[in-house]
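Have a look at the sequence and the model first, and then read on.

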Amino acid sequence: AAPGVAVATSEPGVTEDGSPRLGTINGSSAAAAVVAGAAALLAQARPALDAATLKALLVGSGRPLDRVPVVAQGAGLLDIGAAAAAELAARPVSLAFGRASGTEWRRTLAVKVRNVSSRTLRLRLSVERHDFPAAETRFRVAPATMTLEPGRNARVRLTATVDIAADGGPPAEGTLLVRPAAGVPVRVPFAVAFGPGRTALLGTVRLSQRAFEPSETRPAILTVRAGSVRTVGGVDEIEPLSRLDVELWTVAGERLGLLARVRHLLPGRYAFGVTGRDPDGRALVPGPYRLRLLAFPTGPGRPVAKTLQFTIK
């Protein structure tokens, strides 16, 4: 995210016992405060890490919910203790393979794994499946093992293969697991959709304040429903995004720059803090502006755009 955006993250929800849930489809604004507080605690505990790495630790250390689809729970339950102790961070925090079609469909996505500890880690990588997809889907992760020195990054590739794609039905979903020999594993949820049709890429878009002063501590909150889940014949089908951009424009039609970019979005509600600053961190001059959101499909096709106007006091 650029300086004009304070945070970009999946909006959380809440389970029945009150535990915060990351990346759910039906989020809760009350839980957003819980996750924000947890992020502040994590930043205090790990001051040497940047915002993107802190987010990766929070999401990657989440505890999965039993018998709940990936597209309904995202990263699962927030575990601040595990995040504080985590030695690995993975980006992106989720993988959207898109919609499988035809025969011999295959796609490979990459994840960057970083050792944020002070020791050399020996890692084992695997795929955890917990679904009954509409079409038989195979996943292969490479490498299967690796050694990662402190502060170093490594690229991991996850390949999904479908011999004969289905015309619709439930997605193939699961989690990429990166496990150190001892310590907290990193979890990266993923999903492959089926069916020829495309559902909405962008749903409801809201800005908590349409007129506000520049502020790092009290930003306006932009909430976006990205991707979608629809029920066809009694089963859920998903539409993920390959990328979501938030751009800043003047009302006269001049593009001021990119405020935020998030890749590989599973369906969910996402929140961004709009601080009233441009992409270079300068406070905006009082007057009207526009936010332009661009949602890119995982397959061929043009992005979907939505625009919101706001005023800097």
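**Aromatic rings and their partners**

One aromatic cluster is made up of F97, F139 and F190. Rings of Phe, Tyr and Trp (its six-membered ring) pair if their centres lie within 6.5 Å; planes under 30 degrees apart count as stacked, over 60 as edge-to-face and the rest as tilted. Please keep in mind that this is a predicted model, where local features need pLDDT of at least 70, side-chain atom pairs count only at pLDDT 80 or more, and totals for chains, interfaces and linings use all residues. Residues are numbered from 1 along each chain as its sequence is written, and side-chain values use heavy atoms, with hydrogens and water left out.

How many aromatic pairs does a search of the whole structure find? The search gives 5. In one of them, the ring centres of F212 and F310 are 5.5 Å apart and the planes meet at 15°, so this pair is stacked. It links distant parts of the chain, because F212 sits in strand β15 (residues 211–212) and F310 in strand β23 (residues 304–312), 98 residues apart. Strands (E, at least two residues) are DSSP runs, numbered from the N terminus.F212 and F310 are both buried, a word that means under 20% relative accessible area (1.4 Å probe, protein chains only).

F310 also forms a stacked pair with Y289, with 5.9 Å from centre to centre and 25° between the planes. Here, too, distant parts of the chain are linked: Y289 belongs to strand β22 (residues 287–296) and F310 to strand β23, 21 residues apart. Y289 has 9% relative accessibility, so Y289 counts as buried.

Finally, look for R243, which lies over the face of F296, at 3.9 Å from the ring centre. A charge sits over a ring if NZ of Lys or CZ of Arg is within 6 Å of the ring centre and within 35 degrees of the ring normal.

Key: Helix = DSSP H or I, 4+ residues; strand = E, 2+ residues; numbered from the N terminus. Buried < 20%, exposed > 50% of the residue type's maximum accessible area, 1.4 Å probe, protein only.
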